[in-house]
Amino acid sequence: MTRRLLILLMAGIALLPATLTFAADKELRVGIIGLDTSHVLAFAGMLNSNDPGPEFANCRVVAAYPKGSPDIESSTSRVPGYTEKIKAMDVEIVDSIDALLEKVDVVLLETNDGRPHYEQVLPVLKAGKPVFIDKPIAGSLTDAVAIFDAAQFYDVPVFSSSSLRYSAGAQAIRNGAIGEVVGCDAYSPCSLEATHPDFYWYGIHGVETLFTCMGTGCKSVVRVGAPNMDVAVGTWDGGRIGTFRGIRGKGGYGGTAFGTKEIRPIGKYDGYKPLLVEIVKFFRTGKPPVSAAETLQIYAFMEAADESKRQGGVPVTLASVMKTARAAAAEKSLATPNQLTEAEKADGWRLLFNGKDHTGWHCNNGKEIATPVEEGSLVPFKSGGYLIIHEDQFGDFVLKCDVKMSSDDCNSGIFFRVADPKNPVMTGFEAQVYSGGTGIHDFGAIYDLMPATRDVVAEPGDWNSLQITCKGPHIQIVANGEVVSEMNCDDFTEKGLRPDGTEHKFGSVIKDAARKGYLGFQDHGQKVWVRNVKIKELD
């Protein structure tokens, strides 16, 4: 977290839309779905202890729905015994998920089998209950995508993680203890379950460790294997290399991380408590500690490893398996493009584009838009102006939209707080829509002012979600679920200079830039599509 953002949060100014939260002194009623994994005994044992400790105070499992996997014997055989043990912890056993939801505030979806997770989580999301989904988040990449799509549709926070993410060693490496991580070799047990992709069932532990150390940005995977193990080699942006070794038979957890300052063992597994601490924090704040984008990249890595095996060990890109999964998940989509959900309506959102015509929109030069609505999307390319702009002006707001690019070198932008539509570049701000990277002109950057800190852009032809929040001098860009850039305009006090003294292209003092203006989408010579344009004005 940057110093400026920390100060902002301490001041009580939220950059992101408010979400359901529970104060630390409020009794938090936890429900469990699925009593077919040892995790439920560990979690309930800590939460319902006579002396739970400050991390778990006022947080108690009160109800459980036992049914988990329909047909995996190692799971189904556990349910009767685990049910009795959970009952002994003063937990009520209920006969349906709906009955559970009437009694709880938050949910632990613990079914050991990932295949039922999508169907099990839908009523939880519909009821508006924050939910932790234990590993694997789903039984397929398609269902993992569909779960996060449903969470977005219902506007309910979801968090999923292996407990290995929160080992002390992995967290220290994640937080910079060895400098920039340039490589990592992680390993874990990797028993196989025929109903799941190879690494989903148990290899997820080592893969999650790998991504905890390396972060996002994996581009492709090559897999090789033998009867007693598999090795998946991932190539990250910048040429970084990360490997996962999945061991069948006896094997522990660990690995080695390679940093710019030192090489360090990842260290031992620290049990379930560190994960449960993060789960309770998530339940209290409504803010997942791991983004949807990172979780999906972990599961895409594992799916790409399977596809590499199917193709005889050739490299497979994560983008290719994500494209296939997103297309399949679209068949399950609950959302209709260019419509507000009931949750959005209740929260004060406004739909700016109806998906049918150009009502409310025109070119920045005053002309009517020349290009028709295409596939339910605005198309700035050859529209007749530099921008397609909305007729209204906005000051403090949260703007959401989806953007699809036509090629790798596609260049466009989302303009906002434009004071003079005839001179938008010099009188407004731009969220860059371009190819991936981490520069001041890359996807999600605040153009020429603040760089994108992460490369999260989707492949050409796939949709990207963007969210722009403006609150006074503060601007934040979230791309595909991750904060990629943020700035405080008040830090830009010198004409033509950034706070670090480097030059930018604008001939003004950014601190004095307009705090209210028009918003629009740029025609920079390549085709882009824009849909789901929604705004929530902030007080």
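This is a predicted model: local features need pLDDT of at least 70, side-chain atom pairs count only at pLDDT 80 or more; totals for chains, interfaces and linings use all residues.

**Accessibility and salt bridges**

Modeller: Let us begin with Asp392, which is partly exposed, at a relative accessible area of 25%. Residues are numbered from 1 along each chain as its sequence is written, and side-chain values use heavy atoms, with hydrogens and water left out.

Biologist: Which side chain meets that of Asp392 in a salt bridge?

Modeller: In general, side chains of opposite charge can pair when their charged atoms come close. The cut-off used here is a side-chain nitrogen of Lys or Arg within 4 Å of a carboxyl oxygen of Asp or Glu. Helices (H or I, at least four residues) and strands (E, at least two) are DSSP runs, numbered from the N terminus. In our case the partner of Asp392 is Arg350, with 2.6 Å from N to O. Asp392 sits in the loop between β16 (387-390) and β17 (397-405), and Arg350 in strand β14 (residues 350-351), so that distant parts of the chain, 42 residues apart, are linked. Arg350 is partly exposed too, at 33% relative accessibility.

Biologist: How many salt bridges does a search of the whole structure find?

Modeller: The search finds 35. One of them joins Arg29 and Asp105, whose closest N and O atoms are 3.0 Å apart. Because Arg29 belongs to strand β1 (residues 28-33) and Asp105 to the loop between α5 (97-101) and β4 (106-109), the pair ties together parts that are 76 residues apart in sequence. Arg29 is partly exposed at 32%, whereas Asp105 is buried at 9%.

Another pair is Arg417 and Asp396, with the closest N and O atoms 2.9 Å apart. Arg417 is in strand β18 (residues 412-418) and Asp396 in the loop between β16 and β17, so this pair ties together parts 21 residues apart in sequence. Here Arg417 is buried, with 1% relative accessibility, and Asp396 is partly exposed, with 23%. Salt bridges can also form a network, as they do among Asp198, Arg223, Asp230, Arg248, Asp306 and Lys309.

Biologist: Is Glu208 buried or exposed?

Modeller: Glu208, which lies in helix α9 (residues 204-214), counts as buried at 3% relative accessibility. Its side chain is joined to that of Arg165 by a polar contact of 2.7 Å. A polar contact is a pair of N or O atoms within 3.5 Å; within protein, one must be able to donate a hydrogen and the other to accept it, and residues adjacent in sequence count only if both atoms are side-chain atoms. If we leave aside residues up to four places away in sequence, Glu208 touches Ser161, Ser162, Arg165 and Ile298, where contact means heavy atoms within 4.5 Å.

**Domains**

Biologist: Which domains does the domain assignment give?

Modeller: Domain bounds come from an automatic or database domain assignment, which here gives domain 1 (28-160), domain 2 (164-268 + 286-332) and domain 3 (342-537). The C-alpha centres of domain 2 and domain 3 are 33 Å apart. Eight residues of domain 2 and six residues of domain 3 take part in their contact.

Biologist: How much area do domain 2 and domain 3 bury between them?

Modeller: The size of an interface is often given as the accessible area lost when the parts come together. Buried area is taken with a 1.4 Å probe and summed over both parts. Domain 2 and domain 3 bury about 650 Å², with 44% of it on carbon and sulfur atoms. On the side of domain 2, Ala293, Ala319 and Lys323 supply 42% of the area buried against domain 3, more than any other three residues. One salt bridge is counted between domain 2 and domain 3.

**Cysteines**

Biologist: How many disulfides does the structure hold?

Modeller: A disulfide is a covalent bond between the sulfur atoms of two cysteines, and the cut-off is a pair of cysteine sulfur atoms within 2.5 Å. The structure holds zero disulfides. For Cys401, which is in none, the nearest cysteine sulfur is that of Cys470, 12 Å away. Cys401 is buried at 3% relative accessibility, and Cys59 is buried at 2%.

Methods
Buried means under 20% relative accessible area, exposed over 50%, partly exposed in between (1.4 Å probe, protein chains only). Buried area is the accessible area (1.4 Å probe) that two parts lose on being put together, summed over both.
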